[in-house]
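Me: Could you take a close look at one spot in this chain for me, and then at the sheets?

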Amino acid sequence: MASNSLATQFQAHLDEFQISLEPSALNYLTSMLAVMSMSDKVKDIREATEMFLDEAEVDPEKINQFYATLGKGNVKTSSGTSTSISASSPSAENVPPLDQLKPISSIEARRMKRAQKKAAAAASSQPTEAEPKIVATAQQSRFHRETLETSSKDIDMQTVNISVNNLDLLVDAHLRLKDGVRYGLVGQNGVGKTMLMRCMADNILAMPSNLNILHIAQLETFDETTTVLNEVFEADKACTKALREYEILHAILGDAPQSTSSNTAQLNTALHSILISRMETRVVTAQQLAQKRSGTRGHDARQAQLAIETEFTALKTQDPQVYISSDMATELITDVFDKFALINFDARKAKARKILRGLGFGEAQIDARVQILSGGWRMQIALAKALFVGPDILLLDEPTNHLDLPAILWLQEYLINETAGLTLVVVSHDRAFLNAVTTETIILRDKMLKYHAGSFADYESTSEEQRVRKQALLDVQAKKRAKLVASIQHNVQQARATGDDKRLGQVASRKKKLERLGMEKTEDGKRFKVSYWAGYHTSARAEIEMEKALKTASIKIPDPPPLRYHGSVFTVKNASFRYPTSNKDVLTDVSLDVGPHARIALLGPNGCGKTTLLNMMVGVTQPTTGEVYRHPSLRIGYFSQHVVDQLTLTHTPIEEMRSRHPGLSEQECRAHFGTVGVSGNTVLRTIANLSGGQRNRIAFAIILYDAPHVLVIDEITNHLDMGTVDRLVEALEGFEGALVLVSHDVWFMKQLMEGEDDDDENDVKEERAFYVVRNGAVKRWEKDMDGYVEAVMKKVRKSDKY
């Protein structure tokens, strides 16, 4: 049968079974089937084409029937299409499925798993949130270098496209990462920064197979029974695997890598288990490679996958006593002992301890079990694991969340000085940290990736300079255009009045000049040349385009009602606090006054008592001794570290607001959420499906509903993008009530505590103050924020942590 008949017959068979594929998939299948014929085995045709039916979510039974009847005439499909099969052909029901003729491939395993998931979902009576459908593609060719092993550690991928639930996040973007460069990835909340990292690390995009890419989110699973130190140490899978193989053999052989007649049977069983474990790793690698490659090379990769899966199945059925020869045993024992000898376990454990101490873990916490630690500490364990492994490309998403200032400064120094040769991509709302750590910036905007050779602060400065320069060019161009238009109109009028044809020649010349108005220099300052301007254009020169500033929804804080009281709204007098199960005070003899328009900032590392003091001030806890005075009509808005976690994930924002304020209508809820920039369909989505920044806004809006006189804010900037932090600073600066702040974001604190004030200097000095919480005492810090950062940095550099 001719090759083109196979493509035609395959298409007709799809129509008989009422299977609809995407046009791009059909075009690809047609070109692939053009080099095949019905003389090829059905299993080869199935292996080459089945993935497209699987991606179209065709029922597994229907797929089996489709291939069982391919080339055998018409059949009665499950949809009711009826014709007959030749008498010599076996019926579809009697044709054995291909998975009985060969080992189960990864495609079949995925199909079976999907069918199981569908059955489980149908059997479940409770509604569940659907997993997001992620589609990520990049430019591929017959010689697609991204799926090959090369010595280069650079990434250069064209036309990257990422969509989630049919919502485009990246469209024809250019992903470029140079080896050893520290990048800052910036963009508004929800544009897809975290999703891009996930697609890179989880191999949803076809990344180079020789690179070890690690996303911190991949390390957020923990062994509850092990210690923190072991959890970090075992994050290095290759080292851990070498250690476990050595322990298996050491238990049998001792320190001498040689067998005796008495332990041969036990040794052969152990060596066989090691071979199975190694082969399993190869099977996973082959499956990943088969998924990455396409076309002829994809077909070869899938054949290689089937071969290694068959080999793996055969290995598991072997008798260790027969399969393991003496030469094989000697070679494997030598390999295991040599790998173990190359690992300096003492040095690696010392490195793990150093990283944990730098991130704020005490010695007792390092040796404690993971199960006793809270969520914030677990996130720090995940960060420690990422730093300890040291991959080729490390993706850090908000690494400063849950870290105190000493830990942030330590991490900053570690990333600058201890990560040579490592490519780093950081997403962070902390401007000071981002500017200190990164050397280049990636801007995710308008579904594209733009690159700037400098820090984020340099990018902001350069962008502002470009806007000023282009605005000046636009102003000059507008004047030239107006002058030329006026000249053209004048000469036309004169030519009509006098009949002078020379005037019309001047008009034509002026029109040509008018057409040439536009960019006179390129972005890098060079003279603009039309010959360098590729493509079809409707004008003689490129237009001067002003880059539109990012629009971040504003935040409006309602003015509190007047208290008609000019004294302190908070007064903490000789207060001490001790937890019931402790015999030591967390806070001792604390005295503090907060005026009606005060700006108070509390400084200190995690665990020093800042949050304890806030809880005591707002009335969550009561002092063990001393007293806390609050004005009887005082309204307090308390944004604690756990306020977002207290939101009901199954509620929508409107349902959450109504559960706390039952009398509100949907329109009133929408209007209030609009004051913090949450509008449209966002208020109708469940909180579980909102981003971290959106959840912060929802929690903050609920706190602001009562128009508080005092805002007590504890780490509000976590998960917010830089634009939202800017809007938050603007809103808090205009707030007429009192502010009590706890934050490890240096830029955020400086903007609110050291900004300009309309009052005279004496009032500013009284109303703005830093307090350091240390060893249970609360003392005023007389210097500015930079002075405190400098003092902490000196301690970090002098300590043995770094």
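**A lysine in a loop**

Me: Where does Lys153 sit, and which residues is Lys153 in contact with?

Reply: Lys153 is partly exposed, with a relative accessible area of 33% (buried means under 20%, exposed over 50%, partly exposed in between, using a 1.4 Å probe and protein chains only). Keep in mind that this is a predicted model, where local features need pLDDT of at least 70, side-chain atom pairs count only at pLDDT 80 or more, and totals for chains, interfaces and linings use all residues. Residues are numbered from 1 along each chain as its sequence is written, and side-chain values use heavy atoms, with hydrogens and water left out.

Lys153 belongs to the loop between β1 (134-137) and β2 (155-164); helices (H or I, at least four residues) and strands (E, at least two) are DSSP runs, numbered from the N terminus. Apart from neighbours within four places in sequence, Lys153 is in contact (heavy atoms within 4.5 Å) with Asp179, Leu211 and Asp392. With Asp392 there's also a side-chain to side-chain polar contact at 3.2 Å. That term means a pair of N or O atoms within 3.5 Å; within protein, one must be able to donate a hydrogen and the other to accept it, and residues adjacent in sequence count only if both atoms are side-chain atoms. Ile393 is 240 residues away from Lys153 along the chain, yet their C-alpha atoms are separated by 8.7 Å.

Now for the sheets. Six strands make an open sheet with mixed pairing, in the order β5-β6-β7-β4-β8-β9; two strands pair if DSSP finds at least two bridges between them. Its edges are β5 (213-215) and β9 (448-452), each pairing on one side only. Inside the sheet, β4 (residues 182-186) runs parallel to β8 (residues 440-445), and 4 bridges join them. Gly184 has Thr441 as its bridge partner in β8. Helix α6 (residues 193-201) lies across β4, β5, β6 (393-397), β7 (423-427), β8 and β9, at about 140° to β5. For such angles, axes are lines fitted to C-alpha atoms, for helices over the stretch in contact, and values run from 0 to 180 degrees between N-to-C directions.

There's also an open antiparallel sheet of 3 strands, ordered β11-β10-β13. In that one, 5 bridges join β10 (residues 570-577) to β11, and Thr571 has Asp593 as its bridge partner in β11. Helix α20 (residues 610-618) packs on this sheet, touching β10, β11 and β13, with its direction making about 125° with that of β10.
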